Every structure is written in C-alpha cells, then in structure tokens.
Amino acid sequence: MGEKEMSAYHRPVPNTWWLKRTPYVLFMLRELTSIFVAGYCVFLLILVYKLTQGADAYGNFIDALKSPSSIALHFITLAFVLYHTITWFNLTPKILVLYKGEEQIPKALVAGVFYTGWVVVSIVVALLVLGM
Amino acid sequence: MAKSNEPIWWSLFSAGGMVAAMLLPILIIITGILVPFGLGGNDLLNFERIHTAVSQNYPVKLILFIVITLPLFHWAHRFRFTLVDVGLKSVSTLISVLCYGSAITGTIVSVIIFLRI
C-alpha cells in the first residue's frame, strides 16, 4: 500500500509524560480509580461466594473485616472511589447538554441532580442494610 | 466508516461508571467503617439476615449482580486506555483481549456464584 514509506514522523513521547504537569497526574489518578472500583467489586463477589459456603466461612470473612489491614485497604479504596464519583458526576453536564427552549440548563444543575441522587441512593442503601 | 464494537464497550463503561459512582462509596463505608467499628449494631452483616435477603429475593440478587459485574467493564475499558497511554500501544489488541476478557470472565464467575446461592 506504500503506507510505510509515506508514514509521518511521530515525535516520541516518553512513557512518563503524565508526570510532567499536575492536570496530567490528576488525569492518571482518575484513570487508576478504576483499579479500586474493580477490586472492590471482586471483594463483593467473594463476600457473596462466602454466603454460599455457609455461616462459618461467611462469619470468618466478616470477622476479617475488623483487621487493621482490611480497614486500611478500605480507607484507601474509599478515597479513590470517592475521586471516581466526584470526577464522574462533574463530567455529566459535558455529556448531558440539556436545553429548555433556547436556553441551556445550567451545568451546575445537571451535576447537582446526580449529586442529590447519590445522597438519596446512599441513604436508602444504608437504611436497607441497617435493617430499618 | 469501518464497523466497530466500540459503542458496546463504551456503553458498558458508562453504565458501570455510573453504578460505581452511585453505590460503591456507601458499600465501602459499610464494610470498611460501620462493620469493623461496630457502628450500626454489632452484627450488622449477620449471616442469616444477609443470606435470606440475597437468596430469597430476586430483585436484590439482580441488583447485587449488576453492582458487581457492570463496574468490571468500567475498569476494563478505562484501564485498557490507561495502559495504551503509558506506552503499550504496540500491544493494544492483546491488552483489549485481556481487559475485556477479565471482565467477561468475572461476569461468568458471578453468574455461577449467583445461581448457586
């Protein structure tokens, strides 16, 4: 096809490009939140699996949640997942560009709806798990 | 334009991102703070209660299944591009197979576990 000889010059980009500026670092942190998101889902799946293994296996697993390493890991995971939540909701007005007649619905309102929904959903889940 | 399955992965990425953003923080607070510090009762995630709630209740089972599996696809899509961005562009096809493959495997394992409960 002759593409080889015609290919344009690409300036090499070092693999550490994302360390060069704060916004790039923040971008990379946001991308890395996905590891904690998936990690926690695997944890949830193990919890459900332990449910199928009977009261003892499940009980031991729940007891292990009280260990310092589990608590530390949960705190780190919470920090990353909260960063995911905030960056995710802040992006919603850029994807969901809504109009009322000629006027665009304010970005803060669109994101606000998601933040409000998040608080409501969190309270509902907490109340359900607490058994109220 | 060439036919692409990118929209499917992007949809799963978005749906998983939304599920994770909405539900994971409170769940992490429950398993990482409320349970270990004994807040909200000493036996918050009691076996009988949680087992009954999950095994006897199809909506709960379905919601829990979605909460576990959709974010796996969120991770797969995002992590795939992260690896490409840090210089693994030459093996991008392999990375796609490994990332989406892991998410699909996780989903199949979830189906098996949820069917057995």
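## Chain A: order of elements and overall extent

The C-alpha trace of chain A spans about 65 × 50 × 35 Å along its principal axes.

This is a predicted model, in which local features need pLDDT of at least 70 and side-chain atom pairs count only at pLDDT 80 or more, while totals for chains, interfaces and linings use all residues. Residues are numbered from 1 along each chain as its sequence is written, and chains are lettered from A and ligands numbered from 1 in the order in which they are written.

## Chain A: burial and contacts

Of the 132 residues in chain A, 19% are buried, a residue being buried if 20 or more other C-beta atoms, placed from the backbone, lie within 10 Å of its own. Among the contacts in chain A with a separation of 6 or more, 43% are between residues 24 or more positions apart, a contact requiring C-beta atoms, placed from the backbone, within 7 Å.

## Chain B: overall description

Chain B has 4 helices and 0 strands, in the pattern α-α-α-α along the sequence.

In chain B, 32% of the 117 residues count as buried, and 69% of the contacts between residues at least 6 apart in sequence join residues at least 24 apart.

## Chain B: packing of helix 1 on helix 3

The axes of helix 1 (residues 6-34) and helix 3 (residues 58-88) of chain B come within 7 Å and cross at roughly 125°, the axes being lines fitted to C-alpha atoms over the stretch in contact, with angles from 0 to 180 degrees between N-to-C directions. That makes helix 1 of chain B oblique to helix 3 of chain B, a class left over once angles under 35 degrees count as roughly parallel, over 145 as roughly antiparallel and 65 to 115 as roughly perpendicular.

Residues of helix 1 of chain B in this contact include B:Trp9, B:Trp10 and B:Phe13, and those of helix 3 of chain B include B:Leu70, B:Phe73 and B:Arg78. The contact residues divide into 14 nonpolar, 4 polar and 1 charged, with Ala, Val, Leu, Ile, Met, Phe, Trp, Tyr, Cys and Pro counted as nonpolar, Asp, Glu, Lys and Arg as charged, and the others, Gly among them, as polar.

Notes: Helix = DSSP H or I, 4+ residues; strand = E, 2+ residues; numbered from the N terminus. Contact = placed C-beta atoms within 7 Å. Buried ≥ 20, exposed ≤ 12 C-beta atoms within 10 Å, placed from the backbone.
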